[in-house]
Amino acid sequence: MTFTDTNRWRTIDIVVASVIAVAFGVIFWAWGLVWSATEGAFAFFPPAQTLIYGVWLMPAVVGGLVIRKPGAALYCETVAAVLSALLGSQWAGTVIPQGIVQGLGAELAFAAFRYRSFRLPTAVLAGALTGLSAALFDFFVWNADYELADYRIPYALLTIVSATVVAGAGGWALTRALADTGVLDRFPVARDRAAI
């Protein structure tokens, strides 16, 4: 089998990536409500709210871990962002380019291993890089008017931490849990699960 053959998307890859993206698109919309509702809880240090940011970055990691093909992380994060915009995200259409940038971060991690490593360290790196890409987007698009040392830098660092833990390690755990149910038996991730 050539490199091209192993990286060609099957119909089931497109369908499952779309299901992942749509599920997270709905979660994104709901998470926007959670974000707004928790602003007061972080009034003591507003950048700390980014500790819950990682949920928005999970489809990039989960999509990459499940599909295991070039473009999966980018596809899942972007489609989820598009759906959340269509559902009425409070940030409107800006979430679409934001989703693209975030998906590219995770995509870089999987590409760095030539789409051959899908273990926890790779997932954590994917989470960290999608967090970095999200932090950079926010740094210039959403937070440009805020103080550098008091807001933007802590915001960026905490976004990366959240993404590493929630999207990276959490995305890996979610993928393992899904594989253990048998719903991913048509994917290589199923070969990694423990026999019951």
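Start at Val66, which touches Val16, Ile20, Thr175, Leu184 and Phe187 once residues up to four places away in sequence are left out; contact here means heavy atoms within 4.5 Å. This is a predicted model, so local features need pLDDT of at least 70 and side-chain atom pairs count only at pLDDT 80 or more, while totals for chains, interfaces and linings use all residues. Residues are numbered from 1 along each chain as its sequence is written, and side-chain values use heavy atoms, with hydrogens and water left out.

Now zoom out a bit. Val66 and Phe110 touch the most other members of the largest nonpolar core, which has 36 residues. Such a core is a set of buried Ala, Val, Leu, Ile, Met, Phe, Trp, Tyr and Cys residues joined through side-chain atoms within 4.5 Å, with buried meaning under 20% relative accessible area, exposed over 50% and partly exposed in between (1.4 Å probe, protein chains only). Two or more residues each come from α2 (11-37), α3 (58-67), α4 (72-86), α5 (95-112), α6 (120-141) and α7 (148-181). The largest share, seven residues, is from α3. Helices (H or I, at least four residues) and strands (E, at least two) are DSSP runs, numbered from the N terminus.

Next, follow α2. Its 27 residues reach 39 Å from first C-alpha to last, close to the 39 Å expected at 1.5 Å a residue; that expected span is 1.5 Å times one less than the number of residues. Asp13, Val16, Ala17, Ile20, Ala21, Phe24, Gly25, Phe28, Gly32 and Trp35 of α2 are buried, and the buried residues of this helix pack against α3, α4 and α7.

Over in α4 sits Ser84. Why does Ser84 count as buried? Because its relative accessibility is 4%. Ser84 touches Gly25, Phe28, Trp29, Ser89 and Val95, again not counting residues up to four places away in sequence.

Then there's the pairing of α3 with α6: their axes come within 9 Å and cross at roughly 145°. Axes are lines fitted to C-alpha atoms, for helices over the stretch in contact, and angles run from 0 to 180 degrees between N-to-C directions.

Finally, the unreviewed UniProt entry annotates "transmembrane region" at residues 12-31, 51-67, 120-141 and 153-174. Residues 51-67 are 59% helix and 0% strand, with end C-alpha atoms 27 Å apart. Residues 153-174 are 100% helix and 0% strand, and their end C-alpha atoms are 30 Å apart.

Note on methods
UniProt positions renumbered as here; feature names shortened; annotations may be inferred.
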